[in-house]
Amino acid sequence: MLSALRARQPGQPLLRVLWWYFLHLLCVFTVGLRYQYRATGAHHIPRTGAVLFVCNHQSFLDPILV
């Protein structure tokens, strides 16, 4: 499990990787409760390879959430 997390961010200390994932889960949980978050077309994102992620910003909060 920890090796899979480290593989996503190679070269970073384990504590930093765990801290990032903790904050990520906290933000996802908070946003999920506060806003009705929805993602469309997520099944089109490939498991491997490069991806260009483009957003239509509706407010100043959008860049933080993305």
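Mentor: Happy to! The protein has three helices and zero strands, where helices (H or I, at least four residues) and strands (E, at least two) are DSSP runs numbered from the N terminus. Along the sequence the pattern reads α-α-α. This is a predicted model, in which local features need pLDDT of at least 70, side-chain atom pairs count only at pLDDT 80 or more, and totals for chains, interfaces and linings use all residues. Residues are numbered from 1 along each chain as its sequence is written, and side-chain values use heavy atoms, with hydrogens and water left out.

Now to the pocket itself. The second largest pocket holds about 340 Å³ of space; a pocket here is an open set of points on a 1 Å grid over the protein atoms alone, where a 1.4 Å probe fits, with protein on both sides within 12 Å along at least five of seven lines. The volume is the space filled by probe spheres set on the points, which are joined across faces, edges and corners. Its lining residues, each with an atom within 4 Å of a point, are Arg8, Gln9, Trp20, Tyr21, His24, Ala42, Ile45, Pro46 and Arg47. H2 gives the largest share of that lining, three residues. By class, the lining has five nonpolar, two polar and two charged residues; Ala, Val, Leu, Ile, Met, Phe, Trp, Tyr, Cys and Pro count as nonpolar, Asp, Glu, Lys and Arg as charged, and the others, Gly among them, as polar.

As for the setting, helix H2 covers residues 14-34 and also contains Leu26. Buried residues (under 20% relative accessible area, 1.4 Å probe, protein chains only) make up 8% of the 66 residues in the protein.

Key:
Buried means under 20% relative accessible area, exposed over 50%, partly exposed in between (1.4 Å probe, protein chains only).
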